[in-house]
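The structure is shown below.

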Amino acid sequence: MELGLVGLGKMGGNMRERIRRAGHTVVGYDRNPDLADVHSLRELVDSLKAPRVVWVMVPAGAATQSTIDELGELLSPGDVVVDGGNSRWTDDERHAEELAAKGVGFVDCGVSGGVWGLENGYALMYGGDPENVAKVQPVFDALKPEGEFGSVHAGKVGAGHFAKMVHNGIEYAMMQAFAEGWELLEAAEAVTDVREIFRSWREGTVIRSWLLDLAVRALDDDEHLGALRGYAADSGEGRWTVEAAIDHAVPLPAITASLFARFSSRQDDSPQMKMIAALRNQFGGHAVTSAAGGEKGADSPGADVDPPVGG
């Protein structure tokens, strides 16, 4: 099939390549002309055959809204817009209504995979009417990991971003647990090799995971994380998860505590936040702040700071 892809940054660019490897045609637009296949949204839309599918991978908020507004003026009835960024799920229903008034379908898709998605595939959580999802399905199949899992039609419009929001809330809590355990091991005089303890956990333990693998990678790069400042940003999805929990009267003590722990990193050089920062850099290419001040990682894939478009 043909796909229009808007936003060719750290995730969008790799997604374009993975979709092309699956044999589909991708026409990409980005404000950076060095990355773009076409140089305007109008040119992108005109280059696709109807019914068109246009996937938006730009930062959540104003950038997504303006892109969807412009596409709404350019697309035709029967076309579909996919929002694959980290938009707040409450925005999806509004976007769907605005586009439906013009006969254009809407699908929201939470995307996880970070800078590793090109080779490993992307976990996809999407919401929308079945007929609109069906028009995008070949692209979902191209992007997902090999095997049975990694892709789900989560429900109605908004369900995809809601699922991704909860995923990221869980991610906050898991990273916080690894960070707290690492700091305690570092503080214990009897423990002489924290890095190898983490490495030993990669086999045979109930906490083995990709995050644990990435923690070991980070410790291999900098055994005591001494080059990092204990500061970790939050993309907003942790906050939205806690707010949704309040709205639904669902207790989330671990996720809530992990969000507040990130806030504490803005006050002092938190040892735990060094591990959080290192993990975010490993899986998503998020920039880190060095102990001497200033950001690191700008030359590596996906070193953009928040807000992200996925991960």
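Is strand 6 (residues 123-127) mostly covered or mostly uncovered? The model is predicted, and in it four of the five residues of strand 6 are buried, leaving the strand mostly covered.

## Strand 6 and its partners

Strand 6 pairs with strand 5 (residues 105-112) in the antiparallel sense, over five bridges. Strand 6 also runs parallel to strand 7 (residues 151-155), with four bridges joining the two.

Tyrosine 126 can be followed through both pairings. In strand 5, cysteine 109 stands opposite tyrosine 126, and in strand 7 the residue opposite tyrosine 126 is histidine 153.

## The crossover

Helix 6 (residues 130-143) belongs to a β-α-β unit together with strand 6 and strand 7. The unit is right-handed.

## Domain arrangement

Two domains are assigned: domain 1 spans 2-157 and domain 2 spans 164-265. Their C-alpha centres are 30 Å apart.

## The domain interface

Ten residues of domain 1 contact ten residues of domain 2. The size of an interface is often expressed as the accessible area lost when the parts come together. Between domain 1 and domain 2 the buried area is about 890 Å², with 64% of it from carbon and sulfur atoms. On the domain 1 side, Asn86, Arg88 and Trp116 lose the most area to domain 2, together 55% of what that side buries.

How many salt bridges does the rule find across the interface of domain 1 and domain 2? The rule finds one. The side chains of arginine 88 and glutamate 243 meet in a salt bridge, at 2.7 Å from N to O.

Terms used
Residues numbered from 1 in each chain as written. Predicted model: local features only at pLDDT ≥ 70, side-chain atom pairs only at ≥ 80, totals over all residues. Heavy atoms only, no water. Buried < 20%, exposed > 50% of the residue type's maximum accessible area, 1.4 Å probe, protein only. Pairing = 2+ DSSP bridges. Right-handed = clockwise from strand over helix to strand, strands pointing away. Domains from an automatic or database assignment. Contact = heavy atoms within 4.5 Å. Buried area = accessible area lost by both parts, 1.4 Å probe. Salt bridge = Lys/Arg side-chain N within 4 Å of Asp/Glu carboxyl O.
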